[in-house]
Amino acid sequence: MEAVLTRPANKLLPPLGFLLAAGGLLLLGWVAYSALNPEPAPYHYQLVEENRADWFGKLGIEAWPNLKIEKYEMRVDGIDQPVAIAHLARRADAAPVMIDWENRSEEPVASLDVRFAELAVVAKAIEKYTAKDALVLGWWDTSRQIRLLTGRETAFDAHLGEPFVSPLPWRARNGSIDRYEREFWGAPPNAEEQQSFERFADALSGDVATGVATLHGLVGGREAYIAVHVSDLYKLGLMRPDRLGVASRVFPSKGDMHARIGFVQRWMRDNNYTAYGLQELSEDQVRAYFLTDARSGNTLLAQMLPLTTSRRTELTALQLVYQHGNYWVYRLPTVNAPR
């Protein structure tokens, strides 16, 4: 009689299958829990002082006595000292506007350094020398600051929050960071303003002719001025890395000026960068912004700023009307708006 071969029964299979199924359910449960209960933002803003503008004498904001000023520290768990100091200003119950930001580490966090002393001079010049019905364009944070101080109409007035300068270890929490930032700053942008800002970023990251044409399309034939800051390079590079390659590094600023410049130039050559611009952070430090390739130097923003390869004398499509510190203000000649 032919024997029938059969597979011996494996008594471990049913329990093992149960464990795998249970493990799958636990994993799904953890994913659902993580989605509903994400890790919080890795920092928080801590209010340390608030008062009228004249109380903040060192800030130099006495010319705007109606503003309410709030001083915040950016705090990170496990670090004793604040990683950044911010001064915010607001009128009555309006959403706050950041007017001064000081990073306390070599790497920028959340935002790039802004000094109110420079901003105040630029705002007064815009108020004095531009028509009251002129439109002012600038990075969204610069636009909000100018609107707050001058009352001039700006293309952007909401806290757009782009780009948030996030250190590498924080990037896994970008969702929590975005929610925290929206909650803190309030006044979220509408879709139209968001789209307009994307077009503005496209203009600055395009070549000169294309970028200026895009700016004309944004202003619709109005008299307009564009205010740019050297740190806009870094922000634009984060938003449009395929068009503008940017790196940055903090250098000590004490000692002989020629020696400092020589050190920055050596760093540029050693890393095969093509150009740089400088932003003074304090008496002791300066931040250098480097272009990482030659093509980036042909962008509109690179040509508007005092980089080592910029050709602003050839930038005839825009008219330089004012410069102070790290700010450069251009007039956009009026033409018929493209259809």
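Let's start with a pair of strands: β8 (246-252) and β10 (285-291) run antiparallel and are joined by seven bridges. Two strands count as paired if DSSP finds at least two bridges between them. Helices (H or I, at least four residues) and strands (E, at least two) are DSSP runs, numbered from the N terminus.

Before I go on, a word on the source. This is a predicted model, where local features need pLDDT of at least 70 and side-chain atom pairs count only at pLDDT 80 or more, while totals for chains, interfaces and linings use all residues. Residues are numbered from 1 along each chain as its sequence is written, and side-chain values use heavy atoms, with hydrogens and water left out.

Back to the pair. Opposite Val 250 stands Arg 287 of β10. Helix α7 packs on this sheet and touches both β8 and β10. The direction of α7 makes about 145° with that of β8. Axes here are lines fitted to C-alpha atoms, for helices over the stretch in contact, and angles run from 0 to 180 degrees between N-to-C directions. Contact means heavy atoms within 4.5 Å.

Which strands make up the sheet, and in what order? There are three, in the order β8-β10-β9. The sheet is open, and its pairing is antiparallel. β8 and β9 (275-280) are the edge strands, each pairing on one side only. From one strand to the next, the twist averages 25°.

Now α7 itself, residues 232-239. Buried means under 20% relative accessible area, exposed over 50%, and partly exposed in between, with a 1.4 Å probe and protein chains only. The buried residues of α7 include Asp 232, Leu 233 and Tyr 234. Met 239 is another one of them. The cover over these residues includes α3 (140-150), α5 (191-205), β7 and α9 (300-304). β8 and β10 are part of that cover too.

Five strands form it, in the order β6-β5-β7-β12-β11. This sheet is open as well, and its pairing is mixed. Its edge strands are β6 (153-154) and β11 (319-324), and each pairs on one side only. Helix α2 packs on this sheet, touching β5, β7, β11 and β12. The direction of α2 makes about 140° with that of β11.

Look at β7, residues 224-229. Six of its six residues are buried. In a regular strand the side chains alternate between the two faces of the sheet. In β7, Ala 224, Ile 226 and Val 228 point one way. Tyr 225, Ala 227 and His 229 point the other way.

What does β7 pair with? With β5 (residues 135-138), it runs parallel, over four bridges. Val 136 has Tyr 225 of β7 as its bridge partner, and Gly 138 stands opposite Ala 227. With β12 (residues 327-332), β7 pairs in the antiparallel sense over six bridges. There, Val 228 is partnered by Trp 328.

Next, two helices. Two packed helices are described by the angle between their axes and the distance between the axes. α2 (residues 116-129) and α3 pack at about 60°, with axes 9 Å apart. That angle makes α2 oblique to α3. Angles under 35 degrees count as roughly parallel, over 145 as roughly antiparallel, 65 to 115 as roughly perpendicular and the rest as oblique. On the α2 side, the contact residues include Phe 116, Leu 119 and Ala 123. On the α3 side, they include Gln 145, Ile 146 and Leu 149.

Leu 67 lies between β1 (44-52) and β2 (68-75). Why is Leu 67 called buried? Because its relative accessibility is 2%. Among the residues Leu 67 touches are Asn 51, Ile 61, Arg 90 and Leu 149. Leu 67 and Leu 88 are 21 residues apart in sequence, and 9.6 Å apart in space, C-alpha to C-alpha.

Last, the whole chain. It has nine helices and 12 strands. Of its 339 residues, 44% are buried. Among contacts with a separation of 6 or more, 58% come from residues 24 or more positions apart. That's the tour.

Key:
Lists of a residue's contacts leave out its neighbours within four places in sequence.
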